[in-house]
Amino acid sequence: MNRPAPVSSRLPEFTWDTLDAAAALAAAYPDGMINLSMGTPVDPVPEVVRRALADASDAPGYPLTAGTPALREAIATWVRRTCGATADGFGVLPTIGSKELVAWLPTLLGIGPGDVVVVPSVCYPTYSDGVRLAGATEVRTDSLTAVGPTPRVRLVWVNSPANPTGRVLPAAHLRKVVDWARERGAVVASDECYLPLDWSADAEPVSVLSPEVCGGSYEGVLAVHSLSKRSNLAGYRAGLVAGDPTLVAELLKVRKHAGMIVPAPVQAAMVAALTDDRHADEQRERYRARREALLAAFTGAGFTVEHSEAGLYLWLSRGGEECWQTVDWLARRGILAAAGALYGPGGSHHVRIAFTASDEQVAAVAGRLAR
């Protein structure tokens with residue numbers, strides 16, 4: 001029987017599986033492994049969010065794919081406050097975390113073979129996974145002039161603050177991307193999951209929904225956000241997308257058919273998280289302290305930090321060393337890092353360090369690096 005190739009054959013080895021050997025080496029360290037490879041929250045879920053989830057746990061009926069009226073209003077209010085959106089008329093939609101939307105956005109937008117999706121040269125691997133799932137063609141570049149004259153560009157991904165580099169794109173640059181895409185009828189999807197986590201006064205992140213980027217019109221732009229880092233809700237799978245109301249309406253239509261629905265208790269928890277800034281401010285300060293400690297530890301050990309002005313990561317190099325050698329060097333000291341090559345060829349001499357470990361683990365890093 002001539003069976004079609006499995007969908008998984010379109011995809012590379014799962015990102016974190018590539019670190020299994022390094023993880024085993026790090027785990028053998030006498031005091032155990034300090035895992036700095038993933039941006040996985042380790043701090044408690046805020047009590048206000050847990051209460052909301054528990055209070056909504058008696059939910060026998062099907063939830064709304066579009067989200068409850070309370071959730072849609074909470075998202076819209078948060079987008080205005082956080083993203084600087086001023087004009088009315090943008091659409092909002094809850095998503096099952098942000099990764100799900102990133103992976104399926106090309107397919108949900110009807111992008112397929114013959115179409116082109118532009119992604120950053122060094123970026124979150126799921127952008128590429130989404131292109132492969134849709135059967136489209138990927139162009140990996142930070143310069144739109146490198147795309148050439150092709151009329152088939154359907155989607156442009158931007159990510160600021162960037163994962164893994166922590167780079168912040170200026171508003172003027174983002175405006176040029178939006179203008180370029182509008183001229184070609186393409187969509188700009190802006191991954192802004194780290195927008196609230198900026199650490200430098202010289203590089204303030206700006207949303208694609210800000211008037212200085214979109215010109216007060218949401219045509220052709222989508223902003224993707226997550227509560228995983230802001231509110232320690234990675235386990236809840238709570239994300240959102242906002243922007244062009246026509247595009248959001250189309251996403252909703254398809255998602256209703258596909259059953260892509262955020263559970264009702266999680267929707268209630270999202271309302272609580274989005275309407276309470278205090279817990280987010282407290283978490284931000286925890287990350288600030290951990291970042292300062294890790295920055296001092298790695299620079300003191302001879303590492304060079306590039307970009308890293310925002311987000312949850314340090315983008316490091318060690319004297320031009322190939323990234324897997326650096327991963328191994330760290331693993332022998334019980335520290336697991338993400339190899340930069342996992343984010344594209346341009347990261348082959350870097351590693352990514354997350355500052356989502358506990359305070360005790362972060363404090364232990366400097367001592368291990370000195371050995």
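Predicted model: local features only at pLDDT ≥ 70, side-chain atom pairs only at ≥ 80, totals over all residues.
User: How many bridges join β2 to β8?

Analyst: Five, and the two strands run antiparallel. Strand β8 covers residues 239-243. For a landmark, find Val92, which stands opposite Ala242 in β8.

User: Now the empty spaces. What is the general idea behind finding them?

Analyst: Rolling a probe the size of a water molecule over the atoms shows where empty space is left. In this model, a search of the whole structure finds one cavity of 30 Å³ or more. The volume of the largest cavity is about 40 Å³.

User: Which residues line the largest cavity?

Analyst: Trp78, Glu192, Cys193, Pro196, His225, Ser226 and Arg230. By class, that lining has three nonpolar, two polar and two charged residues.

User: What volume does the largest pocket have?

Analyst: About 870 Å³. The largest pocket is lined by 37 residues, and the closest to its centre are Trp16, Lys99, Tyr124, Pro125 and Thr126.

User: Which helices supply at least two residues each to the lining of the largest pocket?

Analyst: α4 (97-108) and α5 (125-134). The largest share comes from α5, with six residues. The classes in this lining are 17 nonpolar, 11 polar and nine charged.

User: How much space lies in the second largest pocket?

Analyst: About 430 Å³. Its lining has 25 residues. Closest to the centre are Pro120, Ser121, Asp142, Arg167 and Leu169.

User: Which elements give two or more residues to the lining of the second largest pocket?

Analyst: β3 (116-119), β5 (153-159) and α6 (171-184). Strand β5 gives the largest share, four residues. The lining divides into 12 nonpolar, nine polar and four charged residues.

User: Is Leu316 buried or exposed?

Analyst: The cut-off for buried is under 20% relative accessible area. Leu316 has 0%, so Leu316 counts as buried.

User: Which residues is Leu316 in contact with, leaving aside neighbours within four places in sequence?

Analyst: Phe298, Phe303, Thr304, Val305, His349, His350, Val351 and Ile353.

User: How many residues apart in sequence are Leu316 and Arg51?

Analyst: They are 265 residues apart in sequence. In space, the C-alpha to C-alpha distance is 39 Å.

Note on methods: Residues numbered from 1 in each chain as written. Heavy atoms only, no water. 1 Å grid on protein atoms, 1.4 Å probe; cavity = no way out; pocket = protein on both sides within 12 Å on 5 of 7 lines; lining within 4 Å. Points joined across faces, edges and corners; volume = space filled by probe spheres on them. Nonpolar A, V, L, I, M, F, W, Y, C, P; charged D, E, K, R; others polar. Pairing = 2+ DSSP bridges. Buried < 20%, exposed > 50% of the residue type's maximum accessible area, 1.4 Å probe, protein only. Contact = heavy atoms within 4.5 Å.
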